[in-house]
Amino acid sequence: MRVILGVCGSISAYKAPWIVRELQRLGAEVRVVMTPDAVHFVSPLALQNVSHHSVVVNPYAPEHQQGGSWHVHWARWAQLALVAPCSANTLAKLAVGLADNALALVLLSLPQGTPVRLAPAMDPDLWLHPATQRNARRLCEDGALLLEPEQGELASGMIGPGRLAEPLELARWALGQASLRGRKVMITAGPTREAIDAVRYLSNHSTGKMGYAMAAEAQARGAEVVLISGPVALPAPSGVTLVRVDSAEEMLSACQQHFSVCDILIKSAAVADFTPMLVSAGKLKKEHLGEDWSIALRRTPDILAWLGEHKRAHQFLVGFALETDHAEENAKAKLERKKCDLVVLNRANQPNSGFAGDFNTITLVSQQGLMALEPMSKRECARQLWGAIEARIGG
Ligand code: CTP
């Protein structure tokens with residue numbers, strides 16, 4: 001495959017020569033185009049040496065003028081364009097169709113239908129800025145595929161989403177050789193809210209971080225992902241179909257709607273186990289409720305158990321268990337009772353585990369036994385989990 005690699009001004013541009021090598025190892029021929037800022041982070045000479053092609057930084061440099069418009073020839077030569085790392089500035093330019101440097105010019109010159117892959121890398125505030133998110137969304141709407149930046153420690157010392165994926169993973173994703181290509185995945189994430197009245201609800205401390213990390217990783221591995229999410233403050237990973245729900249009932253009906261076309265079902269949501277029997281349409285006034293007030297609750301539908309009951313032989317079902325006491329015993333019982341293929345056990349009362357934090361400590365529980373993993377970031381955890389799922393479902 002003939003690939004144009006665009007490199008932008010981001011500290012992670014130091015990975016660019018390595019990305020070229022991985023693309024080549026996977027069978028690609030690579031030409032590199034750089035923004036003027038990128039040369040502060042990686043040398044055009046290094047990229048020229050590894051790619052065996054001259055690198056374009058200045059679109060008007062005399063050496064690129066033989067044979068007429070180089071950008072048209074390059075754009076027609078390419079079967080795929082990958083921008084890695086892609087800066088916030090380049091995302092903005094591509095989103096509005098500017099062509100004021102060599103990279104933007106050649107991307108804008110690509111014939112319709114040429115696949116475009118973007119791997120943004122930047123500090124979290126830049127990535128999460130509404131303008132950057134809007135540009136990313138617009139580019140996805142225009143047909144580009146975007147690899148969500150990874151969570152982790154960044155060169156600036158900040159911690160958050162912004163890291164460029166590792167070169168081999170990135171190259172596989174770009175070339176469509178990702179391990180979950182062709183698979184459909186349904187993931188539930190976050191808490192549910194069970195309304196008491198017009199302003200109050202019952203819920204829990206789930207932030208959705210683990211489920212969103214699972215969705216981003218599945219998307220990076222080439223899966224088609226439906227993310228059914230309770231109310232959380234996280235942006236949806238790009239390229240993922242997001243279905244927002246509030247209550248357990250709504251989550252059940254979204255799952256029922258999507259599950260039959262999916263191959264892998266990940267039930268990481270922290271579904272409220274009980275919901276009020278009566279919901280008041282208006283706001284309940286405390287003077288009418290007295291000093292002590294109790295509300296009658298009923299059990300919510302057990303969505304995981306429903307999925308376990310209805311799943312077909314080819315579908316792989318992953319449940320989560322959040323436990324404090326007799327954790328492993330309870331997780332094993334859940335595996336059986338809810339007919340899961342795998343249960344991911346978190347401990348609610350341990351550091352680096354469970355709700356809200358960026359780290360998790362999990363144990364995989366299946367018919368084959370238990371596998372305890374070290375504490376690690378939720379993104380790394382998602383990677384390990386997908387590795388384990390892939391090993392079980394086979395090629
Ligand atoms: N779950 C669900 N629907 C519910 C409750 C839980 O789908 N109404 C799913 C969760 O998404 C998770 C798994 O069941 O994958 C474990 O949930 P958890 O609440 O820990 O376990 P329960 O089996 O509900 O039992 P308990 O609360 O007593 O531990």
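A polar contact here is a pair of N or O atoms within 3.5 Å; within protein, one must be able to donate a hydrogen and the other to accept it, and residues adjacent in sequence count only if both atoms are side-chain atoms. This is a predicted model: local features need pLDDT of at least 70, side-chain atom pairs count only at pLDDT 80 or more, and totals for chains, interfaces and linings use all residues. Residues are numbered from 1 along each chain as its sequence is written, and side-chain values use heavy atoms, with hydrogens and water left out.

View 1. Arg 337 places a polar side-chain atom 3.2 Å from a ligand oxygen atom. Phe 320 uses its backbone: an N or O atom there lies 2.9 Å from an oxygen atom of the ligand. At Pro 301, a polar backbone atom is 2.9 Å from a ligand nitrogen atom. The protein buries 78% of the 560 Å² that the ligand exposes when taken alone (accessible areas by the Shrake-Rupley method with a 1.4 Å probe; for residues, only the protein chains shown count as cover).

**View 2. Elements that supply the shell.** Helices (H or I, at least four residues) and strands (E, at least two) are DSSP runs, numbered from the N terminus.

View 3. The bond from Ala 84 to Pro 85 is cis. Its omega is near -5 degrees. Pro 85 belongs to strand E3, residues 80-86.

**View 4. A positive phi at His 52.** His 52 has phi near 60 degrees, a positive value in a residue other than glycine. This residue is in the loop between helix H2 (44-51) and helix H3 (70-77).

**View 5. The chain behind the close-ups.** The chain's secondary structure comes to 14 helices and 21 strands. Its C-alpha trace spans about 85 × 50 × 40 Å along the principal axes.
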